[in-house]
Amino acid sequence: MSDNKKKNMMINVTFQPSGLSAEVPAASLLTDALTAAGIFLPLDCGGNGTCGRCRVMVSGRVAEPTAAEKHLLGHEQIHKGWRLACQTKAMGDLQVRVPETAETAGSSWPIDESDVRRIKSSAPLIVTVTCEPSPPVSDDPRSDLGRIIETILEQTGTDRPHADHLTAAELSRQARLLNWRFNAFMRGSELVGIAEPGQAPLGMAVDLGSTKLAAYLVDLGSGAVVAARGRLNPQVAFGADVVTRLQMALRQKGDGNRLTVLIREALDRLAGELAAEAGVLRSRICEMTLVGNSVMAHLFLGLPLEQLGAPPFVAALDQAMNIKARELGLCLAPGAYLYMPPLVGGFVGSDNLSMIMAADLDRPGSCRLGLDIGTNTEVVVTVPDSQTPLFIASAPSGPTFEGAHLSSGMRAVAGAVARVFIQNGEPVCQTIDGSRPAGICGSGIIDAMATMLEHGIINHRGHLNPALPRVAADSHSIHYVLVPGYQSATGQDIVITQSDISQIQLAKAAINGAVSTLFALAGLPLSALSEIVLAGSFGSHFDVANARRIGLIPGISGAVCRQVGNAAGRGAQMMLNDHESRYRALDIQKSVRYVELTSLSLFNSVFARSLCFPE
Ligand code: FES
């Protein structure tokens with residue numbers, strides 16, 4: 001058969017354990033077949049064949065292994081059927097097993113109970129009006145909207161109440177279904193939705209992270225969270241970090257659009273799931289707040305990306321926005337709005353601003369440091385008695401602490417090693433849920449590094465001691481066996497390689513460099529620091545003493561640490577239904593000096609000096 005004929009032939013690829021399948025042209029990459037089947041496997045390196053995280057087991061006809069597969073998997077693994085989905089071409093009908101430990105988009109992510117709090121608004125944005133307009137009869141031929149508006153006017157005296165034509169069309173149907181007795185939800189003078197009498201409006205606050213979506217459904221009457229969910233961001237199928245996704249979107253216009261559609265659809269699904277969990281109609285959701293870093297915000301809104309992908313890394317726009325939710329494909333109340341707070345600068349977005357608000361870093365006080373450690377670590381330094389009270393930068397720390405770029409890394413979900421210590425010379429690993437270990441997550445790798453330093457398994461330069469029993473070498477690297485294969489959930493050794501240690505060193509050096517640079521620019525010595533605020537789910541779960549031991553956070557005596565959970569998500573809840581918080585967001589944006597680190601020689605020199613662990 002000629003090559004052209006082979007290419008045009010369609011083949012069937014079935015994935016287990018989901019049973020989902022896709023028809024794709026022969027010679028398609030398995031990653032394309034996965035996407036066609038609706039399975040979004042995280043591609044940490046963006047499918048470049050460098051991370052080895054897209055391992056799948058194949059049975060059927062596939063193309064010869066690529067050089068990247070030979071290097072990352074080795075002959076024995078390939079012989080057993082393991083292949084890299086981003087490298088392997090399907091040549092005939094195939095069965096593909098996605099490891100059960102692999103997460104796919106839609107995988108749920110736990111929301112910490114401490115992040116689910118009642119936040120009462122002091123200046124509500126959405127006001128409820130009890131309405132009972134008289135139904136139309138032949139001697140009262142007013143329009144549906146006309147009679148609703150007149151009732152609202154009589155009840156509230158609101159200046160020129162109104163609704164747009166699409167909202168009016170939907171309200172006309174709903175008013176009849178509710179027999180002309182309902183609660184009307186007003187956003188200023190605009191009617192945005194109605195619900196049964198006695199029902200309060202709902203709001204949805206979203207923290208759109210590069211890795212995780214956290215969403216909270218809030219009763220806007222009481223401020224109580226009625227449902228909360230976390231989901232893996234489906235964009236992980238296009239790269240673990242924002243830079244990889246940005247590059248992918250810039251390479252091909254279509255890829256940018258796909259990323260936009262993916263995230264909008266995921267949020268719409270989340271709205272439905274939250275409403276179902278709370279047993280309410282999603283048409284009661286009148287307001288949504290979304291916070292995220294600049295790349296996430298641009299991808300969500302479908303804004304131009306070119307200017308964000310090259311120095312001086314500027315946003316297309318940075319002001320707060322109110323957009324009709326339906327224009328973004330979100331099916332909520334007919335007139336519902338999405339509010340996006342202002343962006344800070346560069347890659348630092350409204351999630352950071354939201355964290356500042358929730359952690360009160362904008363309130364006057366002593367010198368404090370805020371860290372939201374993630375793929376990009378947002379660093380905030382508060383400068384007392386200054387015209388510019390907040391210095392902010394984004395440190396390129398990489399996705400290491402989210403388990404990516406580590407040979408046995410995984411996200412902080414069931415099976416992840418989250419605590420490590422050494423007892424009688426042997427490592428003891430505790431997983432998040434007490435199950436057999438499947439990999440190691442961010443908090444586990446911090447413990448492991450601190451413990452290995454303490455016991456001389458690595459020295460302060462990060463070099464493994466090859467003379468020790470658990471330190472082994474193979475054709476790829478020298479590594480420390482944390483959990484032997486016979487004790488792990490996957491049957492594979494859980495190891496920490498020399499290159500994993502380098503990844504940790506690079507991440508911590510980037511954060512150190514950002515902190516020192518901001519203090520220097522603010523004219524403050526590090527010793528002025530009185531408090532370190534650790535935000536985000538990772539920042540709230542690692543062992544602070546071990547993080548200090550490896551130099552991830554400053555070891556200033558007298559500086560207390562406060563772990564504040566998902567402060568960005570909490571800030572999004574604060575801004576959901578509160579005028580004051582939205583004004584406060586604008587004030588924070590004006591109080592910030594954003595520092596672009598990449599061009600600063602000071603950052604680069606501190607970065608180089610911080611690669612070693614403290615002695
Ligand atoms: S090696 Fe396939 S995604 Fe990285």
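Visitor: Which strands form the open sheet, and in what order?

Guide: In this predicted model, 6 strands make up an open sheet with mixed pairing, ordered S27-S26-S17-S18-S19-S28.

Visitor: What makes S27 and S28 edge strands?

Guide: Strand S27 (560-565) and strand S28 (592-595) each have a single partner strand, so one side of each has no neighbour in the sheet. On average, neighbouring strands here are turned by 20 degrees against each other, direction ignored.

Visitor: How do you know that S26 and S27 pair?

Guide: Pairing requires at least two bridges found by DSSP. Strand S26 (residues 531-535) and S27 share 5 bridges, in the parallel sense, so by that cut-off they pair. Ala-535 stands opposite Gly-565 in S27.

Visitor: Which helix packs on the sheet, and which strands are touched?

Guide: Helix H11 (residues 498-522) does, touching strand S17 (368-372), strand S18 (377-382), strand S19 (390-395) and S28. The direction of H11 makes about 155 degrees with that of S19.

Visitor: Why are H9 and H14 called roughly perpendicular?

Guide: Helix H9 (residues 350-358) and helix H14 (residues 567-576) pack at about 80 degrees, their axes 7 Å apart. The range for roughly perpendicular is 65 to 115 degrees, and H9 and H14 are therefore roughly perpendicular to each other.

Visitor: Which residues make that contact?

Guide: H9 contributes Asp-351, Ser-354, Met-355, Met-357 and Ala-358, while H14 contributes Ala-567, Ala-568, Arg-570, Gly-571, Ala-572 and Met-574. By class, the contact of H9 with H14 has 7 nonpolar, 2 polar and 2 charged residues.

Technical notes: Residues are numbered from 1 along each chain as its sequence is written. This is a predicted model: local features need pLDDT of at least 70, side-chain atom pairs count only at pLDDT 80 or more; totals for chains, interfaces and linings use all residues. Axes are lines fitted to C-alpha atoms, for helices over the stretch in contact, and angles run from 0 to 180 degrees between N-to-C directions. Helices (H or I, at least four residues) and strands (E, at least two) are DSSP runs, numbered from the N terminus. Angles under 35 degrees count as roughly parallel, over 145 as roughly antiparallel, 65 to 115 as roughly perpendicular and the rest as oblique. Two residues are in contact if their C-beta atoms, placed from the backbone, lie within 7 Å. Ala, Val, Leu, Ile, Met, Phe, Trp, Tyr, Cys and Pro count as nonpolar, Asp, Glu, Lys and Arg as charged, and the others, Gly among them, as polar.
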